Amino acid sequence: MITYNLTAKGGASSFGSRFTFVLLLCCLLCAFALPVLASDFKLVKQRVVTEYLLVEVDDEDIADLLATQKQDGTWPGINYQDVSRTGFEHIVHTTNMVDLAKAYRQPNSKYKGSPKVKQAISNALDHWVQNDYFCDNWWYNQIGTPNNLVAVLLLLGDELPEELVQATQPIIGRAHLNASGARPSGDRIKIAGILAKNLLFLGEKEKFEAVLKVIEGEIKFSTGSRGLQRDFSFHHRVDRVNNTSSYGLGYADAFVEWLVYTADTRYAFSSDKVAILVDYYLDGISKNLAFGKYLEAGAKNRSIARPGALRGLDAKTPRKLLQATDYRKADLKEIVKIREEGIQNVNLSYAKYFWQTEFFTFQRPDYFTSVRMFSTRNDNMEVPYNSEGLKNHHRGDGTNHLSITGKEYFDIFPVMDFQKIPGATILQKERLPDPDQIQKTGYTNFVGAVTDDLYGSVAFDFISPHDPLKARKSWFFFDNEYVCLGAGINAKGKQAVFTTLNQLLLQGEVHAKVGQEPKILERGKHELKDLDWIYHDRVGYFMLAPQEIELSFGEITGNWTTINQQTRAPQEDVTKEVFSLWVNHGNNVRQESYAYMILPNANLEETKAYRVDDQIEILANTPELQAVRHKQLLQVQANFYQAGKLDLGDGLELTMDGPGLVLLHLDGQNIVKMAVSDPSRKLNKMHFQLNSKLNLQGTQHRVAWDAEHWISKVTVQLPEGEFAGSSVILGD
């Protein structure tokens, strides 16, 4: 027993008394801390259970599960023998258990506390532990199954037979930090989350706290490897393919889940980790989405082979972030508003290049568009894992999707011609190569973009990894329109080469101006000579140079199984109406080119009137240089594939000492703002000359003024390391 003598004075007795007091104080603090720890632990567990119960189950669905369950705990319609990567319908069995457990606990359910429901869960769980179904796909074993089973235990475990609960633990235990799927910055967080929930159920406070530290620690940049990149894109694998709106969504949601569970407890995440998470959600995920809401075709990989892959996201995750932090509150509220109220009053404008991922997105209040590429640094497309996305060979070949409503490509994929991908230049083969030939690494490094955060241009030195085909492709983005240029198109063989302007779901009439007169076109295939423009579904397509244009629109029948061989893929034929527009470059192509402009979100009258006050001037479209001037914006965007000179207009000239991308804002002979980048990532400095006195704010450049020759000699310090390929902005 520890005592303290209040009358003790000085000397050894005084020291002993003070020491005794300190011990007593420590014991008291520990006594108070233990209830706090226990209280926080209990609160987190309560929040987890509450989250499960937020999504109500339908009483009729529960009645059906109870009525159809067999005596051995199974359900009809599930193939319990097929544990292959393309099968494993067993996930339906464990999901049924979760739904039953929710019905048992939800206050508004007629089955709350139902002995019949509890028995059904017990029977289903007993069947599972007796058979311990193990899939050829590790994900089900380490994530899918443990995640559902731990949910059942948290909802109902205390009321299930103890021996059954214990028998479930080894199966849930496959979700552990040393599991093969627990790769850092990837599925490690999902697996750690399952482990943490199981520790909540088991009451293991110290182990739970250790796992929470692991989860928080994974909120970090992992440039060059799996995980979050410095440009706020996400790489799930070392192939550096864009996974931001697939695995990257789950990555963020896993953190946000625990951010909310642990808020205002001793387990809460630090503010710097929260800031990284919010920045990633807003500047990474949301800028991979059309209007910050719709999953976008250019950003998706094999998942386009699943019905509903391009759905709109709800506001659940940004609302959770608002619940947990005030950081960038206004931006999060804007995303919530868009998700809940629709895109009618969107006020987003940006140009964003993900230089670690070779992906560019461009948003205006009334349209969204993207460009997807690949290089020596990044593979073109995800491997068709589990027999999904079997025709994705060309979906990274400089693809350019456009959204006005976010629904232009929704579930088009079973009827899509995968050799007419929007924006891509493709050799038309009799059939695509085998699916195991989809993923390829690029042959060129001059792949990138320049942006001042509001405008931008994209350059792609394209060499097909599938075909004997080369092209220099550029895109130039302005407020109301954007320009697509191609030059140096070369291909061997008798097969034709097409550059597709768009392939999307048909909506309404198709208008065209061929020759002098606009007209409405009939369904079917058209070869259009002397074409000025095509108008379809609020978009005008303008030809900026003579070229052979072909158009086809009408009904097409296809099947999901041609791109998805999962047993759960829809088996029935699908018929949809499709619009396809392309340039036919012919065969044995030598130094061909194309030039067209897109006018998004325009009505027919605006399309007809555009040529009256055409704002676009093509300054160059050669294999060495592609450049466009926008007259109203007083802006020039130029992509130099090698050293060269460009007449900017108004007597102004730009001379580049080497390759690079340049974006200029002009005021007569004055440059008021500019941005530059090096897509090759080889240079640490960029050198160029202007016959104008340059006086721009910034610390990353220097200007040597040659008054005798009236030339500004400019040297720009370029980003290096994990920022190489990003843009340098000069001026306000």
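Student: Where is R681 found?

Tutor: In this predicted model, R681 is found in the loop between β27 (670-677) and β28 (685-690).

Student: What makes R681 count as buried?

Tutor: The relative accessible area of R681 is 18%. Buried means under 20%, and R681 is therefore buried.

Student: What is the phi of R681?

Tutor: Phi of R681 is near 65°, a positive value in a residue other than glycine. Most residues other than glycine have a negative phi.

Student: Which other residue has a positive phi although it is not a glycine?

Tutor: F88 has a phi of about 50°. This residue lies in the loop between α2 (59-68) and α3 (90-105).

Student: Why is F88 called buried?

Tutor: Its relative accessibility is 1%. The cut-off for buried is under 20%, so F88 counts as buried.

Student: What is the order of the strands in the open sheet, and which are called edge strands?

Tutor: The sheet has 4 strands in the order β3-β4-β5-β6, with antiparallel pairing. The edge strands are β3 (350-354) and β6 (399-403), since each pairs on one side only. From one strand to the next, the twist averages 10°.

Terms used: Residues numbered from 1 in each chain as written. Predicted model: local features only at pLDDT ≥ 70, side-chain atom pairs only at ≥ 80, totals over all residues. Heavy atoms only, no water. Helix = DSSP H or I, 4+ residues; strand = E, 2+ residues; numbered from the N terminus. Buried < 20%, exposed > 50% of the residue type's maximum accessible area, 1.4 Å probe, protein only. Pairing = 2+ DSSP bridges. Axes fitted to C-alpha atoms, helices over the stretch in contact; angles between N-to-C directions.
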